[in-house]
Amino acid sequence: MTSTTAHDAEQVHIVGYGTLIKVWGILVALTGALVALSASHSPNLALLGLLVITPTKASLVFFYFMHLKYESTALKYMVVAAITVLVIFVGLTFADYLYR
Amino acid sequence: MTSAAAESTSETQPAEGHAGPHRDYIGAKLGMWIFVFTELILFGGLFVAYGMYRAMFPQDFHHASGELNVTLGVINTLVLLTSSLTIAMSITAIRLGKKVQAMALLSTTAVFGCVFLVNKFFEWKAKIHHGIFPGSPLLAQRHHGEALFFSLYYGMTGLHGLHVTVGVILMVIMLVFLARNKIRQDDFIKLENTGLYWHLVDVIWIFLLPLFYLAA
């Protein structure tokens with residue numbers, strides 16, 4: 001067995017150019033939507049942009065550009081754990097500030 | 001049992017006659033992801049600081065954000081998004097065995113990284129020229145929240161810019177590896193990990209854009 005074939009099992013999926021370009025197009029469109037919402041002079045719409053569009057963009061980068069969609073379940077859980085820690089960290093700090 | 005032991009050895013060690021070093025693809029990728037987590041926590045702390053001060057000084061943050069150039073911020077976003085596309089395509093290219101295409105796409109990514117830094121340089125230069133920088137006499141006369149906003153702006157975009165600079169240096173190193181066939185169709189983890197790092201830089205900017213440029 002050569003080291004090349006040992007690798008092959010781990011290199012199952014190659015993300016095609018078409019998928020990558022589509023994801024890029026969606027990211028650019030979402031950026032446009034984010035800018036439009038922030039220019040709408042409505043604080044609620046701007047907040048919606050920040051809380052919905054921005055995490056959606058980040059998720060697209062994680063899932064497609066960073067290949068997370070095609071990774072093992074263990075790695076997906078690790079990412080969920082890391083982001084959960086971050087959310088707890090941010091949430092507790094804000095709760096402490098708002099309700100002290 | 002002896003045959004099982006021999007089998008497990010053959011899975012982890014290169015067969016006799018193959019002098020190639022042992023490679024651990026999953027381990028290398030996992031290590032990079034753990035580094036990505038530490039970076040998320042690092043910038044997460046800075047985002048918390050931003051959120052706290054914005055909650056304390058909402059009006060000051062609103063006014064100060066209005067002084068940033070939205071067009072330049074959006075252009076830099078498009079530059080980074082496109083650079084993320086080209087580095088992802090470069091990884092696809094090398095996996096398909098297209099070395100020249102992979103090198104061209106990676107070079108394009110490095111150029112986009114430099115364009116981002118040049119834009120940032122002119123943006124900072126204009127602000128500093130107008131007397132807006134941490135500790136400046138002009139900011140000392142203005143509201144406390146505005147001075148805080150610009151300190152966070154320089155601190156966070158500065159740390160991000162440092163990451164972009166490191167990313168461009170990494171890409172140049174990866175180009176040398178590609179040219180010398182140290183990155184190739186059957187061994188591309190170095191390029192894949194550089195891609196993970198670059199996408200992280202992109203994700204951080206995705207959050208910086210609405211927080212600083214669109215907060216007005």
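Reply: Let's start where the chains meet: α2(A) passes α4(B) in a right-handed crossing. A crossing is right-handed if the near helix is turned clockwise from the far one by less than a right angle, and left-handed if anticlockwise. Helices here (H or I, at least four residues) are DSSP runs, numbered from the N terminus. This is a predicted model, in which local features need pLDDT of at least 70 and side-chain atom pairs count only at pLDDT 80 or more, while totals for chains, interfaces and linings use all residues. Residues are numbered from 1 along each chain as its sequence is written, and chains are lettered from A in the order in which they are written.

Me: At what angle do the axes of α2(A) and α4(B) cross?

Reply: Two packed helices are described by the angle between their axes and the distance between the axes. The axes of α2(A) and α4(B) cross at roughly 170 degrees and come within 10 Å. Axes are lines fitted to C-alpha atoms, for helices over the stretch in contact, with angles running from 0 to 180 degrees between N-to-C directions. These two helices are therefore roughly antiparallel (angles over 145 degrees; under 35 counts as roughly parallel).

Me: Which residues of α2(A) and α4(B) make the contact?

Reply: From α2(A) they include A:Leu20, A:Trp24, A:Leu27 and A:Thr31, and from α4(B) they include B:Leu78, B:Leu81, B:Leu85 and B:Met89. Contact means C-beta atoms, placed from the backbone, within 7 Å. An α-helix has 3.6 residues a turn, so residues three or four places apart point the same way. By class, this contact has 13 nonpolar, 4 polar and no charged residues. Ala, Val, Leu, Ile, Met, Phe, Trp, Tyr, Cys and Pro count as nonpolar, Asp, Glu, Lys and Arg as charged, and the others, Gly among them, as polar.

Me: How many residues does each chain bring to the contact between A and B?

Reply: Chain A gives 36 residues and chain B gives 38. On the chain A side, the largest share, 10 residues, comes from α2(A). That side divides into 24 nonpolar, 10 polar and 2 charged residues.

Me: What is the span of α4(B), and what follows the helix?

Reply: Helix α4(B) covers residues 70-95, and its 26 residues reach 38 Å from first C-alpha to last, close to the 38 Å expected (1.5 Å times one less than the number of residues). After α4(B) comes B:Gly97, with a positive phi near 85 degrees.

Me: How does α4(B) pass α8(B) within chain B?

Reply: α4(B) passes α8(B) in a left-handed crossing. Their axes come within 10 Å and cross at roughly 160 degrees, which makes α4(B) roughly antiparallel to α8(B). B:Leu80, B:Ser84 and B:Ile87 of α4(B) are among the contact residues, as are B:Trp198, B:Asp202 and B:Trp205 of α8(B). The classes in this contact are 12 nonpolar, 6 polar and 2 charged.

Me: And how do α2(B) and α8(B) run, parallel or antiparallel?

Reply: Their axes come within 10 Å and cross at roughly 15 degrees, and α2(B) and α8(B) are therefore roughly parallel. Here α2(B) passes α8(B) in a right-handed crossing. This contact has 13 nonpolar, 1 polar and 3 charged residues.

Definitions and conventions:
Angles under 35 degrees count as roughly parallel, over 145 as roughly antiparallel, 65 to 115 as roughly perpendicular and the rest as oblique. Two residues are in contact if their C-beta atoms, placed from the backbone, lie within 7 Å.
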